[in-house]
Amino acid sequence: MINEDIYQDLLQLIPSDKIKIDEPLKRYTYTKTGGKADFYIIPTKNQEVQAIVKYAYEHQIPVTYLGNGSNIIIREGGIRGIVISLLALNYIDVSDDAIIAGSGAAIIDVSRVARDYALTGLEFACGIPGSIGGAVYMNAGAYGGEVKDCIDYALCVNDQGELIKLTTNELELDYRNSIIQQQHLVVLEAAFTLAPGNINDIQETMDDLTERRESKQPLEYPSCGSVFQRPPGHFAGKLIQDAKLQGHRIGGVEVSTKHAGFMVNVDNGTATDYEDLIHYVQKVVKEKFDVELNREVRIIGEHPKTD
Ligand SMILES: Cc1cc2nc3c(=O)[nH]c(=O)nc-3n(C[C@H](O)[C@H](O)[C@H](O)COP(=O)(O)OP(=O)(O)OC[C@H]3O[C@@H](n4cnc5c(N)ncnc54)[C@H](O)[C@@H]3O)c2cc1C
């Protein structure tokens with residue numbers, strides 16, 4: 001199918017102002033990298049997501065999901081097919097000790113709403129810049145807490161466009177892993193069960209975590225957070241620091257001098273710069289300490305054409 005046919009079909013499924021053609025994706029990533037998406041779609045209803053996924057499946061068009069873009073490096077060649085941004089599904093509803101949030105809600109906002117309702121359990125997320133969907137996909141966590149601890153269920157759509165509801169166990173949440181990744185599902189909403197708490201205590205914990213984050217992380221630069229997963233028995237940042245790689249720069253991307261686990265885009269860096277620096281750091285750490293560093297950050301999209 002040519003893109004004009006796809007566009008005409010998409011117009012039957014979603015309003016035209018929610019479809020962008022050849023949209024530069026660097027606008028939507030924390031690393032400020034990324035070429036164009038053939039179609040960038042911003043559904044405002046769960047049913048629209050379902051309809052687009054089903055359509056793409058029937059026409060064998062690849063679909064990519066984007067949340068807040070805080071854990072992703074998109075290559076300069078961009079993404080073919082359809083990119084669905086979930087950010088407009090950003091409702092947050094509270095009832096008793098449960099919060100139900102759309103996949104596009106910022107988990108920081110959800111943790112603040114929990115605090116406002118004196119519900120404890122989401123304090124760990126007060127500085128994680130992801131969406132609910134991205135947080136479930138990654139089983140995001142910090143300072144001893146993770147999504148797995150408080151999620152009740154996630155409402156998802158499979159590749160065929162069918163709705164499925166997965167409970168905590170069914171989500172198979174593990175260290176930065178979930179069944180969402182394995183089965184290419186899209187999260188539409190998630191429910192969290194929290195416990196009654198004291199607003200002042202909750203706020204105190206959030207202030208403490210924010211202070212720790214701000215003092216240790218280079219939040220003033222574009223980045224994707226921790227680039228590598230924690231290798232068993234080690235800390236990625238410590239290994240990188242001990243390998244004297246802080247400040248090492250390729251193109252416009254540098255190993256942060258403030259937090260060795262971060263790579264910051266200091267001067268119009270590209271996805272290629274990120275990838276080259278990641279490979280270099282992996283190589284040096286392997287040579288020096290015989291430890292494999294596996295990526296936490298996702299790298300997607302096509303390499304730029306070299307003609
Ligand atoms: C400064 C900084 C600090 C960070 N600190 C932490 C931290 O403390 N702990 C932590 O765990 N992470 C941290 N991160 C990483 C990141 O915020 C988390 O991984 C977050 O959960 C990613 O969510 P997102 O919406 O930004 O996902 P995106 O970056 O948009 O996407 C990440 C992956 O999730 C998929 N995805 C996104 N939404 C959906 C959906 N609705 N359905 C299906 N798949 C989806 C995407 O396809 C992609 O593969 C940090 C990042 C930065 C930049």
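Reply: Start with the side chain of Glu 76. One of its polar atoms lies 3.0 Å from the backbone nitrogen of Ala 271. This is a predicted model, so read each distance as a value computed from that prediction.

How many residues along the chain separate Glu 76 and Ala 271? The answer is 195, yet their C-alpha atoms are 6.4 Å apart. Glu 76 itself sits in the loop between strand 4 (72–74) and strand 5. Is Glu 76 buried, partly exposed or exposed? Its relative accessible area is 28%, so Glu 76 is partly exposed. The cut-offs behind that are simple: buried means under 20%, and exposed means over 50%.

Neighbours within four places in sequence are left aside here.

Take Lys 32 next. Lys 32 belongs to the loop between strand 1 and strand 2. Its phi is near 65 degrees, a positive value in a residue other than glycine. Its relative accessible area is 42%, so Lys 32 is partly exposed.

Asp 290 is in the loop between helix 9 (271–289) and strand 18 (298–300). Asp 290 is exposed, because its relative accessible area is 57%.

Next comes another glutamate, Glu 48. Glu 48 lies in helix 2. Its relative accessible area is 8%, so Glu 48 is buried. Its contacts are Leu 13, Ile 14, Pro 15 and Pro 43, with residues up to four places away in sequence not counted.

Which residues of helix 1 (residues 3–11) are buried? They are Ile 6, Tyr 7 and Leu 10. Seen down the helix axis, they fall within an arc of 100 degrees, so they line one face of helix 1. What do they pack against? Helix 2 (46–58) is one partner, and strand 1 (19–24), strand 2 (36–41) and strand 5 (79–85) are the others.

Helix 3 (residues 107–116) is mostly covered, with seven of its 10 residues buried. Among them are Ile 107, Ile 108, Val 110 and Val 113. Arg 115, a charged residue, is also one of the buried residues of helix 3. These buried residues pack against several elements, including helix 4, helix 5 (147–150) and helix 7 (199–216). Strand 6 (92–95), strand 7 (98–102) and strand 8 (119–120) are partners too. Just after helix 3, Ala 118 takes a positive phi of about 55 degrees.

Helix 4 brings us to the ligand. Helix 4 gives the largest share of the shell around the ligand, five residues. Of the 36 residues around the ligand, Tyr 65, Asn 68, Ser 70, Ser 131 and Gly 141 come nearest. The shell divides into 19 nonpolar, 14 polar and three charged residues.

Look at the atoms. A polar side-chain atom of Ser 70 is 2.6 Å from an oxygen atom of the ligand. Gly 134 has a polar backbone atom 3.3 Å from a ligand oxygen. Gly 141 has a backbone N or O atom 2.6 Å from a nitrogen atom of the ligand. How much of the ligand does the protein cover? It covers 94% of the 960 Å² of accessible area that the ligand has on its own. Strand 3 (63–66), helix 4 (132–138), strand 9 (141–142) and strand 13 (186–193) each give two or more residues to the shell.

Arg 176 lies in the loop between strand 12 (163–167) and helix 6 (179–183). Is Arg 176 buried or exposed? Its relative accessible area is 12%, so Arg 176 is buried.

Technical notes. Residues are numbered from 1 along each chain as its sequence is written. This is a predicted model: local features need pLDDT of at least 70, side-chain atom pairs count only at pLDDT 80 or more; totals for chains, interfaces and linings use all residues. Side-chain values use heavy atoms; hydrogens and water are left out. Buried means under 20% relative accessible area, exposed over 50%, partly exposed in between (1.4 Å probe, protein chains only). Helices (H or I, at least four residues) and strands (E, at least two) are DSSP runs, numbered from the N terminus. The arc is that of the directions from the helix axis to the C-beta atoms. Contact means heavy atoms within 4.5 Å. A residue is near a molecule or strand if one of its heavy atoms lies within 4 Å of it. A polar contact is a pair of N or O atoms within 3.5 Å; within protein, one must be able to donate a hydrogen and the other to accept it, and residues adjacent in sequence count only if both atoms are side-chain atoms. Accessible areas come from the Shrake-Rupley method with a 1.4 Å probe; for residues, only the protein chains shown count as cover.
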